[in-house]
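Here is a short briefing on a predicted model.

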Amino acid sequence: MDMQSLYLTVPLAPLAGALVAGLFGRSIGRTGAHLVTILGVLVSFLASILIFQDVLAGNTFNGALYTWITSGDVSLEIGFLIDRLTTVMMLVVTFVSLCVHVYTIGYMSDDDGYQRFFSYISLFTFSMLMLVMSNNFLQLFFGWEAVGLVSYLLIGFWYTRESAIYANLKAFLVNRVGDFGFLLGIGLVLAYFGSLDYAQVFQKAPTLAHESISILDGHAWSLLTVICILLFIGAMGKSAQFPLHVWLPDSMEGPTPISALIHAATMVTAGIFMVARMSPLFELSDTALSFVMIIGAITALFMGFLGMIQNDIKRVVAYSTLSQLGYMTVALGASAYSVAIFHLMTHAFFKALLFLAAGSVIIGMHHDQDIRNMGGLRKYMPITWITLLIGSLALIGTPGLSGFFSKDSIILATYASDLYGSGFAAFAVTAGVFVTAFYSFRMYFLVFHGKERFHNAHAGHDQEGGKDDDQHGHHGGGHGTPHESPWVVWLPLVLLAIPSVYAGWAYIEPMLFGDYFGGAIFVNHEAHKAMSDLAHHFHGAGAMTLHALMTLPFWLAVAGVATAYYLYMVRRDLPEKIRRQAGVLYTILDQKYGFDRFNDWFFAGGARWLGGRLWRWGDVTAIDGVMVNGSARVVGQFARLARGLQSGYIYHYAFAMIIGVALLVTVFVG
Amino acid sequence: MTYPLPDLLPALPEILVLTLACVILVIEAFFKDAKAAYVLTLLTLLGAAGVTAFTGGEMSVHTFNGMFVDDAMGDVLKLMTYLAAITAVVYSRGYLAERGIFKGEYFALVLFAVLGMMVMISASHLLTLYLGLELLSLSLYAMVALHRESQAAVEAAMKYFVLGALASGLLLYGMSMLYGLTGTLDLAQISAALREGVSSPVVLAFGLVFVVAGLGFKLGNAPFHMWVPDVYHGAPTAVTLFIGTAPKLAAFAFAMRLLVDGLEPAHGDWQQMLAVMAVLSMAIGNLAAIMQTNIKRMLAYSTISHMGFLLLGILAGTFAGYSAAMFYAIAYVLMSLGGFGMVVYLSRAGYEAENLDDYKGLNSRSPWLAAVMGILMFSMAGIPPFVGFYAKLTILQSLVGAGLVWLAVLAVLFSLIGAFYYLRVIKLMYFDAPHSTGAVAAEAGDARMLLSLNGLAVLLLGLAPQPLMALCANAMQLSLQ
């Protein structure tokens, strides 16, 4: 098999699985559906490994497979760009997707929409692969929208639930805002570069570095700054960056496997990937980089705060995801693209692990998601306990685990950067370490340690039925006794725990400093020296681990864990007191800074108000009244007039003729 | 003094028609056999068609001292005139018989009118042009008044006659100015004289205005259109059918002979006059048609707007424009034959199917007739794939080609308004409940068959307009050299 067919196999195998499971789900049954989709993703994963080895051997590919439209000088193509950046993403996507597929067998076992669900997640895998493998903006946009579509479908998977419909509509609308910017950015690229092909655009970018355009009269903007910021607005929507983050917590209405796959490991990182891919453009605009860094820093810190007070286990992880996406964005802003991708990868492993473990807890708790009703689960769910602990340790940056290497590199990169806003970013990501450690271990202690609160929590459980994760009945066992999940559920946890532990140690050196990415990522080391600084201070993974024990982030993390332990294990009465004392501060956090309320009032309410006005003034009055009925009325009046002229008297007719001649004579003679 | 006998061969069709028209007069006077006159009329027209086709050639032949020309454009238009006349006569037979006017006079008048049209079509001299015009007009006046018991018909005839006389006066006055200016009545010589330059542009402009006014009256263009609705309405429907069809071809020929053969060098002047008339015609025709409740009046106003459209092709002043206008004239005659033919066909003794309400629910009474009428209305509105669409399209193309985009835009706008009243007929036929549920008077199988063919022709020429377009373009090419 030649390489091109292999490239094609990667996205097409999941697509085939999705089509079979989606169109023939009824006839192939549940087992058939999961077998065919898992086979598709497995093939895709194995092909990705082969391609990875091929790329490591130095064979990259950039070319069109199919020309869709040629119009003038612009041709719109479907093509692949296979380089080292692409292969990292392909491996991450297919590996996590594979784990999630397997996990879903257990998690969705009682759901009526079993086949539909498998079809969707395979379709998602196809879309995501098309996105990352693209060699042009158009296909990127296709993948971008396709993953958005599947995300929409999956958030609203339980479409009879009011809250799920609300959540998927919200995700859809917020992403529209981002996509609007993204599309404008692509449009500007096409307008000024005359091509949508990455290679051509990147090649031409330096010549347009000093081009400026005027958006409002008299204000000249650097063209590349405008393009980069517009593209980044797209990334803000997809990667849930402040202030377009509001859809992600609500997306937890979807089943847990997709929270892991789409809303933690892959789709939400599409924005990060996109910016890294566009590094040759972003490197040319310091303004855009600063913008990226500040947005990322705000997201990293302030979304972390929100995680500290959540009681829904999935929401804690969701805010953690927001915060970590902020970290990646900060790394992008500091020109440490490879660090961002590195963190993307490690985060994909441990965050998918955390989500799936949370899902396992939810299964064990019979679909109760409130961590206040848990406690002491350690002895009932040992595998889940161990894997979730590993995931949490990786997340907070325990030296030696994967999260440590990627996150510490981000923190160091912000210190090395001297762009506008890097000081704030450095503060935010450092302080974020404490916050991360606190909310992670707050959840950990509440779930696995302490008193077993689930015995007397069932009244509350029933009342909060709306928060339950599904509609199907409780399976097996006595009501209230947690139990370890079946092997299809815990196997993916173990599979994901492995890279969560070692991926950082093993890959930091080649990925960050070993010129792994080669030409795939472009950094202007003269202007943005974060990466070279990092390389200068890096003396191997072991040294970095040892050195970390003496640095601030490590002790902040320890302090976070200790605080959580003290508050939730030792002085259990304190959190409630603090909550009452904090007053306004707590309210602000509880209201999530009021974004939802503001958006509902201003955007949703405003749009409806505007729509109502436009309907009344624009549609009813202007269009119906003036243009449609009005023009008809005008025509009618003229018609009546024209008929009125026809009096029937012959002298009127003769007079009209004479007048006509007289008019013609007046106009044309003289 | 000897008069050499002129070459009679090019005028053979005219001579044939004249002779046989006289024969019909004799038959009417001595035998009162209307049936024989009917058959003889059809045979005459078929014979004339045969002779025209036989004597026609690619060359333009002049005779009668250059007063008469036999050329390709003339041949095509004459053939179409025979076709229109034959169709009209066949459609009219039942209608006339039921109203007691199925007489030899009618057929004699038809043949004299056709003769007048043929002379107009073949005229290459102002005198012949006027002669043909008057012969046609006088025949038509008499035809309108044929139904003597009908007050409306007599009134219409009176109006038509008085206004027609006025128009003829205007036309003659304009012609006299042209004669004064150029010293000749021969169209080719007028053209040559104008090309050399004239002593007084004012006189030329005066002459043009009056000539164009006369032309506008014959075509029925605003502001010289007032006679059209009243005459179409008042005349017996069978006569309306005749007036509304074949004479339009003659009027087109008249315009071509006068404006293009004779006054081509003054194109810049008459172009603007025609533009004014065209826009006014489209506006008044389409707007007033909306308000009509009588389908004959509605079609009369529709005729006015169609003639405005026809002028657009001529005023473009290009070869493409002339052949587009010719195509339009032929297409219009076909559609109009069908439209008025349907009114004639649906009218029975003591009942005229002339109100729009009479068409309510036609589909439930006779789906086939409703379908044919539907085709005709769609075509008149200019909706593809019917011939009316291509007729409008070629005119618009020629306008844009001549750089007159604003006229094309106006034409499209007015066509859009016009679509309303055509579509209303379709709505009435298909979506409204009929007044009476009885079957449609369905005798006269030949008329019904011809009507169906008429409708199908409109559809087929719309699906494959190319042969007819090529025929028009070819004839125009040969005639204009």
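In this predicted model, 22 residues of chain A are in contact with 36 residues of chain B. The two chains bury about 2,400 Å² between them. Carbon and sulfur atoms account for 84% of that area.

**Interface of chain A and chain B**

- On the chain A side, A:Gln646, A:Met657 and A:Phe668 lose the most area to chain B. Together these three make up 26% of what that side buries.
- Two elements of chain A each give two or more residues to the side that touches chain B: α26 (595-645) and α27 (650-668).
- Of the elements, α27(A) gives the most, with 11 residues.
- By class, the side of chain A that touches chain B has 16 nonpolar, four polar and two charged residues.

**Salt bridges**

- Side chains of opposite charge can pair when their charged atoms come close.
- Over all chains, the structure holds 18 salt bridges.
- In chain A, A:Arg372 forms a salt bridge with A:Asp370. Their closest N and O atoms are 2.8 Å apart.
- How accessible are the partners? A:Arg372 has 43% relative accessibility and counts as partly exposed. A:Asp370 has a relative accessible area of 5%, so it is buried.
- In chain B, the side chains of B:Arg257 and B:Asp261 meet in a salt bridge, at 3.2 Å from N to O.
- B:Arg257 and B:Asp261 are four residues apart in helix α11 (residues 246-262) of chain B, so about one helical turn separates them.
- B:Arg257 is buried, with a relative accessible area of 2%. B:Asp261 is partly exposed, with a relative accessible area of 29%.

**A salt-bridge network in chain B**

- Which residues form the network? B:Glu155, B:Lys159, B:Asp230 and B:Arg297 are linked by salt bridges.
- One of the salt bridges in chain B joins the side chains of B:Asp230 and B:Arg297, at 3.1 Å from N to O.
- B:Asp230 lies in helix α9 (residues 227-234) of chain B, and B:Arg297 in helix α13 (residues 295-316) of chain B. The pair therefore ties together parts that are 67 residues apart in sequence.
- B:Asp230 is buried, at 9% relative accessibility. B:Arg297 is buried too, with a relative accessible area of 15%.
- Buried here means under 20% relative accessible area, so both B:Asp230 at 9% and B:Arg297 at 15% qualify.

**Backbone geometry**

- Most residues other than glycine have a negative phi, and most peptide bonds are trans.
- A:Pro243 lies in the loop between α8 (223-238) and α9 (247-250) of chain A.
- B:Pro385 is in the loop between α16 (367-381) and α17 (387-401) of chain B.
- B:Phe64 is found in the loop between β1 (61-63) and β2 (68-70) of chain B.
- B:Asn65 is exposed, with a relative accessible area of 77%.

**Confidence**

- The model scores ipTM 0.86 and pTM 0.61.
- Chain B has a mean pLDDT of 90. In chain B, 98% of residues reach 70 or more.
- Where pLDDT is low, the predicted coordinates should not be read in detail.

Definitions and conventions
Residues numbered from 1 in each chain as written. Chains lettered and ligands numbered in written order. Predicted model: local features only at pLDDT ≥ 70, side-chain atom pairs only at ≥ 80, totals over all residues. Heavy atoms only, no water. Contact = heavy atoms within 4.5 Å. Buried area = accessible area lost by both parts, 1.4 Å probe. Nonpolar A, V, L, I, M, F, W, Y, C, P; charged D, E, K, R; others polar. Salt bridge = Lys/Arg side-chain N within 4 Å of Asp/Glu carboxyl O. Buried < 20%, exposed > 50% of the residue type's maximum accessible area, 1.4 Å probe, protein only. pLDDT = per-residue confidence, 0-100.
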